[in-house]
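Here's a quick briefing to read alongside the model. Have the sequence and the 3D view open as you go.

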Amino acid sequence: MRKFIAAAVLAVVAATGLSACSSASDPNVLKVGTEGTYAPFSYQEGGTLTGYDVEVAQAVGEKLGKRVEFVQTPWDSIFAGLESKRFDLVANQVTVNPERTAKYALSQPYTTSEGVIVTKADNTTITSLASLAGKTTAQSATSNWSKVAAGAGAKVEAVEGFVQAVQLLKAGRVDATVNDTLAVGEYTKKTGDTGIKIAAQTGETSKQAFAARSGDTALITDVDKALAELQADGTLARLSEKYFGTDVSK
């Protein structure tokens, strides 16, 4: 799944190539908050915003008959942006948990994944979630993985995202980082980094969904209908295969 960056917007990217200057009240526009720095879910490639979450959000917008505009926002500011109505929906691997279910309107899940613990390649002291007790991990402060690490007894050092966590890990400033197995797999595939390894599974299977403000139940109802259609017509499976080589939408 992110912060010493201020809560300002990093960039605004429109899915159609237009600037995101439309009013949030425009019924033809769906504004979506996303990081843009979390491959393979939401990231820049050749100056264009892309990724699994980006394409799923675009497909949902098409089903709803709306133009999708993306607002790039640091993860630790993304829910504040949602609550302040800077965008209508968050598409950034939002893990479903009781706290978020109580506070936001969440869609049906469109991704299922597992958590893993990443260490330096030569680390032999961390072999399970319980091994994190008394250790230091690098995590996005408000991420679900931060809670997992803290719950295991680790001291959590806040970072902007997985890449920075790996940098601190390899520099010996932290002992481990906990993250999504899909994100870790994408990082190792693209970088070929042999200095780190997956030391253990967290033992948790997580589901990810879109998030809207608690009062926007009508929007989530429409999003759920769109997701059901995308599941039925094979779009989610196709996008899963494109980015992960397997169907993670089940």
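Let's start with helix H4 (residues 144-151), where Asn144, Trp145, Ser146, Val148 and Ala149 are buried; buried means under 20% relative accessible area, exposed over 50% and partly exposed in between, with a 1.4 Å probe and protein chains only. Helices (H or I, at least four residues) and strands (E, at least two) are DSSP runs, numbered from the N terminus. After H4 comes Gly153, with a positive phi near 95°.

A word on the source: this is a predicted model, where local features need pLDDT of at least 70, side-chain atom pairs count only at pLDDT 80 or more, and totals for chains, interfaces and linings use all residues. Residues are numbered from 1 along each chain as its sequence is written, and side-chain values use heavy atoms, with hydrogens and water left out.

**The whole chain**
- The protein chain has eight helices and 13 strands.
- Its radius of gyration is 18 Å, close to the 18 Å from the globule rule for 250 residues, so the chain is as compact as a globular protein of that length. The radius is taken over C-alpha atoms, and the rule is 2.2 Å times the number of residues to the power 0.38.
- Along the principal axes, the C-alpha atoms fill a box of roughly 55 × 40 × 35 Å.
- Of the 250 residues, 51% count as buried.

**Helix H2 and what it packs on**
- In helix H2 (residues 75-83), the buried residues are Trp75, Ser77, Ile78, Phe79, Gly81 and Leu82.
- Those residues pack against strands S2 (29-34), S7 (89-95), S8 (104-106) and S13 (196-213), plus helix H3 (98-103); contact means heavy atoms within 4.5 Å.
- Lys85 follows H2, and its phi is positive, near 65°.

**Gln93**
- Gln93 sits in strand S7 and counts as buried, at 2% relative accessibility.
- From Gln93 to Ser131 it's 38 residues in sequence and 26 Å in space, C-alpha to C-alpha.

**Where H1 meets H7**
- The axes of helix H1 (residues 52-64) and helix H7 (residues 217-232) come within 9 Å and cross at roughly 105°. That makes H1 roughly perpendicular to H7 (65 to 115 degrees; under 35 is roughly parallel, over 145 roughly antiparallel, the rest oblique).
- Val56, Ala59, Val60, Lys63 and Leu64 of H1 make the contact with Asp222, Val223, Ala226, Leu227, Glu229 and Leu230 of H7.
- These contact residues split into eight nonpolar, no polar and three charged. Ala, Val, Leu, Ile, Met, Phe, Trp, Tyr, Cys and Pro count as nonpolar, Asp, Glu, Lys and Arg as charged, and the others, Gly among them, as polar.

Key. Axes fitted to C-alpha atoms, helices over the stretch in contact; angles between N-to-C directions.
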